[in-house]
Amino acid sequence: MLMADELSLRGRVAIVTGVSRRVGIGCAIASRLAAQGADLFLTHYRPHDEQQPWGPDDVTAVISEVRSHRASEDQRVVDVSMDLAGAEAPEMVMEQAVAECGHVDILVCNHARSGGDGPLGELTAEMLDAHWAVNTRSSLLLTQAFAAQHDGRPGGRVVLMTSGQGQGPLPGEVAYAASKAALAGITLTLADQLADQGITVNTVNPGPVDTGYLGPELARQLAPMLPFGRFGSPDDPARLIEWLVSDAGCWMTGQVLNTEGGFARWRAHSLSAT
């Protein structure tokens, strides 16, 4: 008889980056992993959110929200502010996580740089380098540091985050799209190399998730493309990631997974032509 473990991540330690807003995907991921028994090491960087139209959240309240989902009060939830644009930052995160928790079983690279972008004709080397450093370089260096400390025990998992650049254009976001496309493109190579250590590597495109950035005009433009009649919630991709890092996801590796709720970009073109 097949039995499901209600606390599938009990005894495991997960790093989740980019946990800075209660309406964000990072908070939803961390909350789900906490509910499954995992100890957590979380990163955030408030100065990035301060530069965004949606603004920052109260980080103390974010961490309290995650803690409220723990399966037991003895689960550790440790957080640190870290600018992952720094070349040494990924190694520092891993060193701190290992020092605090002893070992890391799961790495979810949810962080991303937003803004400071543009279309061809407006790009600068600084724009491209800034997105590469945060979105791509730090994720690869975190993965490298994770693999270096992993001792081959069961449950080794890496989840990277891409965007919808492989499904349709991202107008005006060339630097962001390029940096996220690199993660999707390297997934299979990373998965192949880390398989010998028993580590799976997958990349998730969360799709059109409302994390507070959707204004009325953008919502109106996208509405015809959403067959279920709603935007994604942060918990939609979080459920997929919860499965990927559990024992149930042990056979899934080297994949780029789109969890978009049937997001039909082509419908906007067909409707505008009628």
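Strand β6 (199-205) has 7 of its 7 residues buried, so it is largely enclosed by the rest of the structure. Buried here means under 20% relative accessible area, exposed means over 50%, and partly exposed lies in between, with a 1.4 Å probe and protein chains only. The model is a predicted one: local features need pLDDT of at least 70, side-chain atom pairs count only at pLDDT 80 or more, and totals for chains, interfaces and linings use all residues. Residues are numbered from 1 along each chain as its sequence is written, and side-chain values use heavy atoms, with hydrogens and water left out.

In a regular strand the side chains alternate between the two faces of the sheet. In β6, I199, V201, T203 and N205 point one way, T200, N202 and V204 point the other way, and all are buried. β5 (156-161) pairs with β6 in the parallel sense over 6 bridges; two strands count as paired if DSSP finds at least two bridges between them. R157 stands opposite T200 in β6.

## Overall dimensions

The protein contains 9 helices and 7 strands. These elements are DSSP runs numbered from the N terminus: helices are H or I with at least four residues, and strands are E with at least two. A compact globule of 274 residues would have a radius of gyration near 19 Å, and the 18 Å of the protein agrees with that. The radius is taken over C-alpha atoms, and the globule rule is 2.2 Å times the number of residues to the power 0.38. Along the principal axes, the C-alpha trace spans about 55 × 50 × 40 Å.

Buried residues account for 49% of the 274 residues. The protein exposes about 13,100 Å², of which carbon and sulfur atoms supply 54%; accessible areas come from the Shrake-Rupley method with a 1.4 Å probe, and for residues only the protein chains shown count as cover. Among contacts between residues at least 6 apart in sequence, 77% join residues at least 24 apart, where contact means heavy atoms within 4.5 Å.

There are 19 positive and 32 negative side chains, and the centres of the two sets lie 5 Å apart. Lys and Arg count as positive and Asp and Glu as negative, while His and the chain ends are not counted. Each charge is placed at NZ of Lys, CZ of Arg, CG of Asp or CD of Glu.

## Strands β1 and β2

Strand β1 (residues 13-16) is covered on both faces. V13 and I15 on one side and A14 and V16 on the other are all buried. β1 pairs with strand β2 (residues 39-44) in the parallel sense over 4 bridges, and V16 stands opposite L42 in β2.

## Helices α1 and α8

Helix α1 (25-35) has 9 of its 11 residues buried, so it is largely enclosed by the rest of the structure. The buried residues are I25, G26, C27, A28, I29, A30, S31, L33 and A34. Their cover includes β1, β2, α3 (59-67), β4, β5 and α8. Just after α1, G37 takes a positive phi of about 100°.

A28 lies in α1 and is buried, with a relative accessible area of 13%. Not counting residues up to four places away in sequence, A28 touches P234, D235 and A238. The C-alpha atoms of A28 and E95 are separated by 25 Å, and the two residues are 67 apart along the chain.

Helix α8 (residues 235-245) has D236, P237, A238, I241, E242, L244 and V245 buried. The elements that cover them include α1, β4 (106-109), β5, β6 and β7.

L257 lies in strand β7 (residues 256-258). Leaving out residues up to four places away in sequence, L257 touches T203, V204, N205, L240 and L244. L257 and V204 are 53 residues apart in sequence and 4.9 Å apart in space, C-alpha to C-alpha.

H48 lies in helix α2 (residues 46-50) and is buried at 17% relative accessible area. Apart from its neighbours within four places in sequence, H48 is in contact with A112, R113 and S114.

V174 belongs to helix α6 (residues 174-194) and counts as partly exposed at 30% relative accessibility. With neighbours within four places in sequence left aside, V174 is in contact with D117, G118, P119, L120 and L123. The C-alpha atoms of V174 and H131, 43 residues apart along the chain, are separated by 9.8 Å.
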